[in-house]
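Hi everyone, thanks for coming along. I'd like to walk you through one model today, so please have a look at it with me.

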Amino acid sequence: MNRVQPESVGLSSERLKRVSAWLADQIAQERLAGASVQVGRRGAVAYEDSVGFADVAAEQPFSLDTVVRIYSMTKPITTVAAMMLYEAGCFQLDHPVGRYIPAFRETPVWKGGALNDVEAQSTPMTVKQLMTHTAGLTYGFMHTNVIDEAYRNAGFEGRVKDDLGTWTDQLAQIPLLCQPGSQWNYSVATDVLGRLVEIWSGQSLAEFFTDHIFTPLGMNDSGFAVAESQRDRFCSLYRPTNGAKLGGAMANPFEDRPSGIQLLDPMNESAYLKMPNYLSGGGGLVSTLSDYGRFCQALLGGGELDGQRILSPKTLAHMRLNQLPQNRDMAAMGQPVWSETSYEGIGFGIGWAVVIDPATANIVTSMGEHHWGGAASTFFWIDPVEDLYTVFLTQLVPSSTYPLRRELRARVYQSLID
């Protein structure tokens, strides 16, 4: 995409300096090792910047082409893939999941006691419920009940050894957390959706992504593993170990490196250097600022980028609608807070959160703005009203450590001048 002067697309160069100052402050305050931001508006890139380190010990700068683990920012890509197959006539949104994955036809529903205290599904789990996290599934890392404990005991998350088909059939043996459609629970639902993409397309999830999304959109650095040619651009993964900071002062970052950084996944030893058996549609991809920006622009542009169309504008318009019953927000559907963000005033569309009441959400944004983030504090949002998208990349877990997403959103929107 073309890089233009901010004023040519209604943004202030002077006020965008606040974004750069905010980025620099994340390093100065030892919140992050490194980070980058890209802002696109009216079909062009109006701003991008990067700061800090992709790997502190190696003194490797965090650059605009640094390759990062995007974790749950994989979910919108998987959902877009599924909706491409919807447009091809492979399924309907209200089709039962059990129609395509028979193991889910008899999955019972937990009643609230012991793991075996169950009842039958009152209505079958549907494909749309997978897309909206209302299918009755959960995540093992929630640590709230016997269902997520069963997920942990089964080893259902991370770079697991089983292929996606085997994993899905095993998942269907554990009771659902609640009746399908009754609650919003962040979950492995998009991983199950990824398996459906494989069934509908006859390709592996990696093959479908490459053939139908990455190659057409020019997302050359995105995939389920870091290629040999990308290794010198791959980022290490960090978490704070000294309270809420990365460590000690960095008067000279090349000599006094933060002493409190804990490496969770070093760039030269990471499991992401090898193609996994388990292709996680919920969190398995790596990508770059440019690649994810191209994905966002394709969605903002009605499903087309550089003459390559992946979705119809009408399909995308439907995906941006709040799909929760009675137009409820996520807080009313059972999970009031996720990451560092409150979900009052935030609904859920097909594959991403959707702002349905900015005043209730207490953020300056537009009705219909949609977004999602990843476990390593990455984030994106798309605002069709302002014809704007923003991508933020870093590598700090957990994503609830700081209110980075709200802080960045405020600084981007204050730069609008028309």
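Strands E2 (residues 44–55) and E3 run antiparallel and are joined by 2 bridges. Within this pairing, Asp55 has Gln60 of E3 opposite it. Before I go on: this is a predicted model, where local features need pLDDT of at least 70, side-chain atom pairs count only at pLDDT 80 or more, and totals for chains, interfaces and linings use all residues. Residues are numbered from 1 along each chain as its sequence is written, and side-chain values use heavy atoms, with hydrogens and water left out. Helices (H or I, at least four residues) and strands (E, at least two) are DSSP runs, numbered from the N terminus.

Which order do the strands of the open sheet follow? The 8 strands go E3-E2-E1-E18-E17-E16-E15-E14, with antiparallel pairing; two strands pair if DSSP finds at least two bridges between them. Strand E3 (60–61) and E14 are at the edges with a single partner strand each, so one side of each has no neighbour in the sheet.

The loop between E2 and E3 holds Glu59. Its phi is positive, near 55°, in a residue other than glycine. For context, most residues other than glycine have a negative phi, and most peptide bonds are trans. Glu59 counts as partly exposed at 31% relative accessibility; buried means under 20% relative accessible area, exposed over 50%, and partly exposed in between, using a 1.4 Å probe and protein chains only. His143 also has a positive phi near 55°; it sits in the loop between helix H3 (127–131) and H4, and is exposed, with a relative accessible area of 54%. While we're on backbone features, a cis peptide bond joins Val397 and Pro398, with omega about 0°. Pro398 belongs to the loop between strand E18 (388–394) and helix H11 (404–413).

On to helix H4 (residues 146–154), where Ile147, Asp148, Ala150 and Tyr151 are buried. They cover an arc of only 150° around the axis, which puts them on the same side of H4; the arc is that of the directions from the helix axis to the C-beta atoms. Strand E5 (109–110) and helix H5 (164–171) are included in what covers those buried residues, with contact meaning heavy atoms within 4.5 Å. At the N-terminal end, Asn145 caps H4, with a side-chain oxygen 3.0 Å from the backbone nitrogen of Ile147. After H4 comes Gly155, which has a positive phi near 65°.

Now for the rings. Rings of Phe, Tyr and Trp (its six-membered ring) pair if their centres lie within 6.5 Å; planes under 30 degrees apart count as stacked, over 60 as edge-to-face and the rest as tilted. How many aromatic pairs does this rule give? The count comes to 23. Trp184 and Tyr186 have ring centres 6.1 Å apart and planes at 10°, so this pair is stacked. Both Trp184 and Tyr186 are buried. Tyr343 and Trp372 are stacked too, at 6.2 Å centre to centre with 15° between the planes. Tyr343 is in the loop between strand E13 (341–342) and strand E14 (346–348), while Trp372 is in strand E16 (residues 370–373), so the pair ties together parts 29 residues apart in sequence. Tyr343 is buried at 4% relative accessible area, and Trp372 is buried at 2%. One aromatic cluster takes in Tyr139, Phe141, Trp184, Tyr186, Tyr343, Phe348 and Trp372.

Terms used:
A polar contact is a pair of N or O atoms within 3.5 Å; within protein, one must be able to donate a hydrogen and the other to accept it, and residues adjacent in sequence count only if both atoms are side-chain atoms.
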